[in-house]
Amino acid sequence: MNEKKPGIFLIFIEFFRISALTIGGGYVMVPVIQRALEKKRWLSEGDFYDLFAAAQSIPGPLALNTAMFVGRRIGGMPGFFAAMIGVIIPPFASILLLSGVLATVGEIPFIRGFLEGSYAVVPGLVAALVFNMIKKRIWSVSRIALTSLGAVGMILAGDFAVPAFFALVGIAWLIEMRKC
């Protein structure tokens with residue numbers, strides 16, 4: 001999108017800021033990352049969702065995977081590491097700094113209310129992300145079938161999920177994505 005790519009310091013700062021200011025994990029961070037990248041014109045929405053889909057196909061934390069894929073796209077391997085470190089430092093530092101404090105003040109009604117209110121936002125952000133992904137995707141019959149099959153499989157699998165089933169659906173999905 002932008003002809004001039006951001007430097008690794010700017011990539012680090014942007015991912016550090018997003019990671020430091022979002023509460024709720026990867027599914028909360030992803031739409032914030034998408035909006036920030038689009039606003040800065042570092043990556044189009046379509047390109048972002050393609051990278052997000054690829055990030056979901058590998059094991060690991062969703063926000064970290066997404067940041068690394070995006071960082072590599074906009075800054076090469078230095079961007080990959082800048083985004084990775086930018087996303088990792090805030091939660092790591094927060095855990096170290098706040099674990100002892102939260103044990104002593106976690107029962108204060110104001111603090112408990114803040115934490116519970118923060119968690120209440122997560123379903124709305126996840127729903128917005130899903131809605132945007134569905135709206136922007138080019139749908140075909142095979143894509144609808146694969147998405148439906150995957151959703152039904154996850155619902156029915158429950159506690160006895162069969163990894164091979166999910167691997168086959170994932171492989172079929174990736175093959176379908178390559179056609180677009």
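Modeller: Axes are lines fitted to C-alpha atoms, for helices over the stretch in contact, and angles run from 0 to 180 degrees between N-to-C directions. This is a predicted model: local features need pLDDT of at least 70, side-chain atom pairs count only at pLDDT 80 or more, and totals for chains, interfaces and linings use all residues. Residues are numbered from 1 along each chain as its sequence is written, and side-chain values use heavy atoms, without hydrogens and water.

Biologist: How many helices and strands does the protein have?

Modeller: Seven helices and zero strands. Helices (H or I, at least four residues) and strands (E, at least two) are DSSP runs, numbered from the N terminus. The order is α-α-α-α-α-α-α.

Biologist: At what angle do the axes of α2 and helix α5 cross?

Modeller: At roughly 50°, and the axes come within 8 Å. Helix α5 covers residues 109–136.

Biologist: Why is α2 called oblique to α5?

Modeller: Under 35 degrees is roughly parallel, over 145 roughly antiparallel, 65 to 115 roughly perpendicular, and the rest oblique. Roughly 50° belongs to the rest, so α2 is oblique to α5.

Biologist: Which residues make the contact of α2 with α5?

Modeller: Contact means heavy atoms within 4.5 Å. From α2 come Tyr 27, Val 28, Val 30, Pro 31 and Arg 35. From α5 come Val 122, Leu 125, Val 126 and Leu 129. By class, this contact has eight nonpolar, no polar and one charged residues. Here Ala, Val, Leu, Ile, Met, Phe, Trp, Tyr, Cys and Pro are nonpolar, Asp, Glu, Lys and Arg charged, and the others, Gly among them, polar.

Biologist: How do you know that Thr 66 is buried?

Modeller: Buried means under 20% relative accessible area, exposed over 50%, and partly exposed in between (1.4 Å probe, protein chains only). Thr 66 has 0%, so Thr 66 is buried. This residue lies in helix α4. Leaving aside residues up to four places away in sequence, Thr 66 touches Val 30, Phe 48, Phe 52 and Ala 55. Across the protein, buried residues make up 31% of the 180 residues.

Biologist: What makes a nonpolar core?

Modeller: Buried Ala, Val, Leu, Ile, Met, Phe, Trp, Tyr and Cys residues, joined through side-chain atoms within 4.5 Å. The largest one has 26 residues, and Phe 15, Leu 37, Phe 48 and Val 70 touch the most other members. Two or more residues each come from α1 (8–21), α2 (26–39), α3 (45–56) and α4 (62–105). The largest share, eleven residues, is from α4.

Biologist: Which residues does Phe 15 touch?

Modeller: Ile 33, Ala 67, Val 70, Ala 83, Gly 86 and Val 87, not counting residues up to four places away in sequence.
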